[in-house]
Amino acid sequence: MNRAQVAARLVVLVALAGVVPLLGIGSVAVETLRRRSEAAARETLSLVARQAAARIGGYLAAQREALRAVATAAGGADDAELRLEDVAIDAPSLGRLTLLDPGPLPAQRPAALDAQALDRARSGVEVTSEIYLDEGSAPALDLCVPVRSRPGRAVCAQLDLFELWRFVQRIKVGESGYALAFDRSGGLIASGAGALRAAILTGEPVPERDAALQASADPGAAPTRYPGPLGEEVLAGWAALPERGWTVVVEQPAAEALRAARTAQLVLAAVSLLALGLSVLVGVRQSRRVLADLEVEERWRTAGRIAAGITHDLGHRVAILQQTAGMAETGEAGYLPRIADNLRSEVATLRKFVADFADLSRDVRSVERLPLDLDAFAESVRRTAEPHAEKLGVRLAVQHSASGAWVMADRYLLERATLNLLSNAIEASVRGGEVRVEVETHGAEVGLAIVDRGAGIPAERLPRIFDAFASTKRTGAHVGLGLPNVKRIVEAHGGRVTAESRSGAGCTFRILLEHLEKPV
Amino acid sequence: MRWLLLPLLGAALGCPKPAPPADFTLRLGVIGEVGPVAPDAQSGAAALATDLVFESVIRPVPGGWDSRFLRRWERLGPRRWRLELKEGVRFSDGSVVGPGDVAEAVRRRAVRVVSTAAAGLEVETPAASPLETQLALAIVAKQVGERWVGTGPFSVTGQAPGGLVLTRVEAVPGRIHRVELIPCATGREALVRLLRGELGGIPSLDPANAELLDGVPKLRILRGNAPHAIAIMLNPRLSAAERRALVPAVPVAEIAAAIRREPCCGEGSPPRLVPPPGVPLRIGYPRSLVFRRAALALRQGLGARGGDVRPLGTYDLAGWSKDFDLLATSILVRPPGIVANYLRTGADWNFTGYSNAVYDAALASGDEAAASEALAEDPPMVIVARRERVGAVDARLANARLGDWGILETLPEWEVSP
C-alpha cells in the first residue's frame, strides 16, 4: 500500500467516523419528523373536511328551515302564490318557489321530484331530490315542505346551490390543497380543483369516486394517500354528510404537505455533505502531514538498519581481508592458495552485495511482461543454478506441470526472483540433499514451488521473512534484501509469494502468478 | 466575494427573456351555428367575427367618436349631412376603400346618399335624428364573389360547419395571430370543453356559470358592460304627470339586485319616493327569468301600486301597451344616441308608441340638452342598470377585456404573455 492509499484510507476512516453517526441520527430524526408531519397533515385535512361538511350541512339545514318558515308564513295564505313570488326576490337562494295545492299538479313544478314524491309532500312529508344541474348548468336541489296550516298544500323550492360551489372552491389548504364534494353515487358535485370541474358538468367519474363511496359509509375507511387528479401523490382527509349521503374530501399534494420534513432531509443532506467535505479536507491535510513525518522517520530507521547490516557484514568481510592481507605480508608461498581462495570468496560475496543493492534500486513498477512458459523457464533456471548446487553438493530437480503453465512475466526479473529463492534453498540444504523446482497449477493461478529439505525457518520468524534486513542467515554474507526483492518483483507482476516451513523439514517458497492460456 | 456574484449577474442578464408565441391561436367557443360572415350577421360565430373582420364608419371612443374612414362630418340641415373622406384605407384583400364603399355602408342603414365624390359624400337621414348612431352601425364591407371582405385587422381564412378561422391580415408580435370560432351546441358543452382545455375562451357566458370557472388556473374571467340596459318602459297611455311621479318611485336598486340574484339593499341605497296613489299597475316582461325577476322586484317596490306580473304572450313588444302599464325589458344604450331609436316619433324601434314633439325637435336641431329636458318633462322609461357581459379566456392574454359594443372589438389589442 503506497502513501496515497494509506492517506485515502485514513481519510475515509475519519470521514466515516464523523458522518455516519450524524447520518444515522439525522435519518432517524427526519423519518420521525416525516411520519409525524404526515399524520399531522392528514389530521388537519380531515379536520378541514369535517368543518366543510358541517358548513355544507348547516347551509342545507338553514335553507330547509327558511323554506319551512316561508311555508308557515306564506303558504297558508289565500294569496300564497303572490307572496311566494315576493319571497323569491327577497331570498334568492331559495330559487323558484312553487305552491302545490290539493288539485292537479302545476305545469311549473320541481323538475327533480316525481309525482309520487310531490304527493308525499302534499300528504305532510318533507321530500328532497338529489342534487342536479338545471337547464342553465346551475347546481340545484328540489325541496318540498308541507304547509301545516293547510293540509294537502306544500311549498317547493328549487334551492340554488351555487353557495356549495363557492364554499368548496374557496377552501384552500396550503398553497395548492383543495376540496371536492361528492353525491351519494360518488359523482362530483363541487370541486376546488379546476382540472376536475368538467366532471361536475358531464357526470363522468373522477379517480376519487370509489374512495368517496367508501367514505360515504365510513370516512375513516377511505384511503388517505393516493395519486391525485394531476398525477401527483396527495394526502387526503374525508368527512361525510350522512343525511344527504354526500362526502367531502380535502386533498393536498404530499410533497407540499411534507415540505418541512423534506426541507429537514435536504438540510441534513447538506450538513452531512459539508461535514464529509470538511472531514475529507482535514483528513487529507492531517494524513499527509503524519505520513510525511512517518516517512522521514522510516527513512532514518531504514538507513540505520542498512547501516547496521552493512557494518556487520562488511566488518566480517574486512576482518577476513585483513587476515588475508596478514598472510600475504608474511611472504610465505604456502599461504598463496589460501590467499587466493579468500580473495575469490570475498569478491564473490561482495559481488552478491552489489547485486542485492542493484536489485533494490531497480524499478520494478514498469515491468515488460511477455508470455512465458514456466516449464521451460524452470529448466532454464535449474541450468543456471546447477554449478552453484554442484559446488555445494546439492542435487537440483525440476517437476513440470501436467498440462503446461503459461504466465505473463518479465523474464529477467522473474529469473532474478526465482534464482534468489533457489540459491537460498541450495545454501540451506545439506550436502547430498535435493532442491526441487515444481511447476504447479492452482485454479486460476500457476506457480513455481522451490522446495528444500534443509533446517527450515523457525515459526516465529516466518511472518517477517519478507521484510527488508530480516535475513535468517546471519553469516555476514547476506544483508537481508533478497526475499524483500523477491516479494517486490512478484507483486509487480500482480502475483504473490508464500513461504511454508516446518522446523527440521525444510522450506517451500511459492511464486504464484495469474494463469495465461497457452498462446496460439 | 463580489467577484463571485459577477458571473451570476452576467448569466442572469444573458438569459433570454421568454418570448410570447409568434403564432398564437385563440380557440373561442360560441353557442350556435356558424353562419356566413357578413356585415349584417346577427348571431353565433359570424356575429362575433364581424367585430374582427369589419369596421363601422365611425366608432364610439371615450369622449366622442373616432373614424378610420371620415376626416369629419357636418350637419347641413335637419336631415342633410356632409361626410369628408380619408384616403388610404384598404380592405383586407389590399383593395382601396373608395367613396362608393362608404356610400354602400350608409345605404345599408337606410341613409340616403345624395351625392358621391372623391372628397366626400352628402347623405340624408330618413328622419331628423343624429347621424352618428347610423354611422356607428354602418359597416364598411365589400362583396368579393360569395364572401365579404372588410377593413378589420382579421380576415376569414376558413369557414366550415366545424368552425370559423380568422387570421390577422398583418402579423403583430405579441398579439393573437389567429382566432378559431368553434360552435358548441349548448353552453354546458362549451364550459366542459373550456375546462378540459380544448378551448381558449368563451366570450359570452351565463354569469352564473362563471362561478364554476372561479379560481381555475390558466383561465381568467372577464366582466364588462353590455351595450344593453334593463329598462322599465312606461306606457305612454299613462299621463305625463303620472309618469313623472312614477320615475322616482321605480325601485332601481332593488331591481338591479334581483337581476344579480343578490339580496337588497345596503344602507347606501338612494332614497326612493312612494308612487302616487292609483290603481295597481300591470307589469309585463319578455319571457325570461331575468326579466321576470326584474318585474317581480318592480312590483314589490311599487307596493300597493304593484299589480299583476305576467309575461308577454309572444316577444311581440309592439303589442305590449294594450295589456300592461309597465314593461321590464332590455334596450340598447350604446353607442351614444341610440336611445333615440326607441323614443323618436315613428322610429324603427319605437315599440311603445311614445311621441314627444319637443324631443323630436331637439333631435332635429342636434340640441342634446333640450332633448334631455324634454324627456325629463315627459319620461318614457327608467333605465335600471347596464347588463353585464361575462366571458373567460386563456390567462396568458394579459390585458383581455370585453368590448362594450362589439364583444371582441378589443381582441386585436390583447397581449399574449409568454
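This is a predicted model: local features need pLDDT of at least 70, side-chain atom pairs count only at pLDDT 80 or more; totals for chains, interfaces and linings use all residues.
Along the principal axes, the C-alpha atoms of chain B fill a box of roughly 85 × 55 × 50 Å. The chain has 418 residues, and buried residues make up 41% of them. Contacts in chain B between residues at least 6 apart in sequence were also sorted by separation. Of these, 66% join residues at least 24 apart.

The domain assignment divides chain B into three parts. The centres of domain 2 and domain 3 of chain B, taken over C-alpha atoms, are separated by 33 Å. Domain 2 of chain B gives 10 residues to the contact, and domain 3 of chain B gives 14 residues. On the domain 2 side, helix α4 (residues 131-137) of chain B supplies the largest share, three residues. The side of domain 2 of chain B that touches domain 3 of chain B has six nonpolar residues, two polar and two charged.

Strand β13 (residues 178-184) of chain B is mostly covered, with six of its seven residues buried. Its pairing with strand β1 (residues 25-31) of chain B is parallel and runs over seven bridges. Within that pairing, B:Ile31 has B:Cys184 as its bridge partner in β13(B). Strand β12 (residues 163-168) of chain B also pairs with β13(B), here antiparallel and through four bridges. B:Val165 has its bridge partner in β13(B) at B:Glu180.

In chain A, attention turns to strand β4. Eight of the eight residues of β4 (residues 139-146) of chain A are buried, so the strand is largely enclosed by the rest of the structure. This burial holds for residues pointing either way from the strand. A:Pro139, A:Leu141, A:Leu143 and A:Val145 point one way. A:Ala140, A:Asp142, A:Cys144 and A:Pro146 point the other way.

Strand β2 (residues 127-128) of chain A pairs with β4(A) in the antiparallel sense over two bridges. A:Val127 stands opposite A:Cys144 there. Strand β3 (residues 132-133) of chain A is likewise antiparallel to β4(A), again over two bridges. A:Tyr132 finds its bridge partner in A:Ala140 of β4(A). The hairpin of β3(A) and β4(A) has five residues between the strands, and A:Ser137 takes a positive phi near 65° in this hairpin. Seven bridges link β4(A) to strand β5 (residues 154-160) of chain A, also in the antiparallel sense. In β5(A), A:Val155 is the bridge partner of A:Val145.

A further sheet of chain A is open and has five strands, in the order β12-β14-β15-β17-β16, with mixed pairing. Strands β12 (395-399) and β16 (496-501) of chain A form the edges, each pairing on one side only. Neighbouring strands of the sheet are turned by 15° against each other on average, direction ignored. A:Gln399 has A:Glu438 as its bridge partner in β14(A).

Two helices pack on this sheet. Helix α10 (residues 374-391) of chain A touches β12, β14 and β15 (445-451) of chain A, and its direction makes about 180° with that of β12(A). Helix α12 (residues 482-492) of chain A touches β16 and β17 (507-514) of chain A. The direction of helix α12 of chain A makes about 135° with that of β16(A).

The largest nonpolar core has 177 residues. A:Val155, A:Ala181, B:Ala49, B:Ile232, B:Ala294 and B:Leu298 touch the most other members. Helix α1 (residues 3-75) of chain A gives the most to this core, with 12 residues. A:Ala181 touches A:Ile56, A:Leu164, A:Val168, A:Ile189, A:Ala190, A:Trp246 and A:Val248, not counting residues up to four places away in sequence. Another core, of 36 residues, lies apart from the largest one. Its members include A:Ala385, A:Val407, A:Leu413 and A:Val446. In soluble globular proteins, nonpolar side chains tend to be buried together.

Definitions and conventions: Residues are numbered from 1 along each chain as its sequence is written. Chains are lettered from A and ligands numbered from 1 in the order in which they are written. A residue is buried if 20 or more other C-beta atoms lie within 10 Å of its own, exposed if 12 or fewer, and partly exposed in between; C-beta atoms are placed from the backbone. Two strands pair if DSSP finds at least two bridges between them. Domain bounds come from an automatic or database domain assignment. Two residues are in contact if their C-beta atoms, placed from the backbone, lie within 7 Å. Ala, Val, Leu, Ile, Met, Phe, Trp, Tyr, Cys and Pro count as nonpolar, Asp, Glu, Lys and Arg as charged, and the others, Gly among them, as polar. Axes are lines fitted to C-alpha atoms, for helices over the stretch in contact, and angles run from 0 to 180 degrees between N-to-C directions. A nonpolar core is a set of buried Ala, Val, Leu, Ile, Met, Phe, Trp, Tyr and Cys residues joined through C-beta atoms within 7 Å.
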